[in-house]
Amino acid sequence: MTLVSLVHRGCASKTDPGDARAIARAAARGEGSVWVNHTDLETIRVLTHRREALVRTENQEINQLRALITEVDPEGAARLRRIRSRHQLIELTRLDYRGDSHRETVADLINQIAAECLRRHDQINQLKKEMEKRLPPPGRAPDDHPRLRTHHRMPDPR
């Protein structure tokens, strides 16, 4: 069985002690969640964990890219604000520094890491699409979603 939150927060970002207290109070009253037994929810959990691992690895590699670019081209690195778009990653796979063997070696490393980031970027987007297919739309309870029907109902808060 899986605990599914029925409360949509709009943006799942930073939490604070006030959020923690509100969540604890709602859980104590039995509000905002329901226990369901469904394979789609387990699949979403697995996909979410895999996507999070890919995002962490992508962030590490983007930081490596930035450090390598800074090493051989500080001005070029300063012009790069964020390395996130598919277009930027494709450009980095074609980066070529001619001159000395160090710059050429670093350029090869940048090309390889950018290609790995590009592949990982595509995997992350594919996982996101797969998760969106399985999730109910925001504001709809799992019972309202045809793929997430359940026989369990939320307890009456009275």
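A residue is classed as exposed when its relative accessible area is over 50%. In this predicted model, R98 has a relative accessible area of 66% and is therefore exposed. The residue takes part in a salt bridge with D96, in which the closest N and O atoms lie 2.6 Å apart. D96 itself is partly exposed, at 43% relative accessibility.

Side chains of opposite charge can pair when their charged atoms come close. The count of salt bridges in the model is six. One of them joins the side chains of E42 and R45, with an N to O distance of 3.0 Å. These two residues are three positions apart in helix 2 (residues 39–72), which means that about one helical turn separates them. Both ends of this pair are partly exposed, E42 at 31% relative accessibility and R45 at 41%.

A further salt bridge is formed between the side chains of R120 and E61, at 2.5 Å from N to O. Because R120 belongs to helix 5 and E61 to helix 2, this pair ties together parts that are 59 residues apart in sequence. R120 and E61 are both buried. Salt bridges also link E130, K133 and R134 in a network.

Helix 5 spans residues 101–134 and includes Q126. The relative accessibility of Q126 is 49%, so the residue counts as partly exposed. Q126 and R51 are 75 residues apart along the chain, and a distance of 9.4 Å separates their C-alpha atoms.

Note on methods: Residues are numbered from 1 along each chain as its sequence is written. This is a predicted model: local features need pLDDT of at least 70, side-chain atom pairs count only at pLDDT 80 or more; totals for chains, interfaces and linings use all residues. Side-chain values use heavy atoms; hydrogens and water are left out. Helices (H or I, at least four residues) and strands (E, at least two) are DSSP runs, numbered from the N terminus. Buried means under 20% relative accessible area, exposed over 50%, partly exposed in between (1.4 Å probe, protein chains only). A salt bridge is a side-chain nitrogen of Lys or Arg within 4 Å of a carboxyl oxygen of Asp or Glu.
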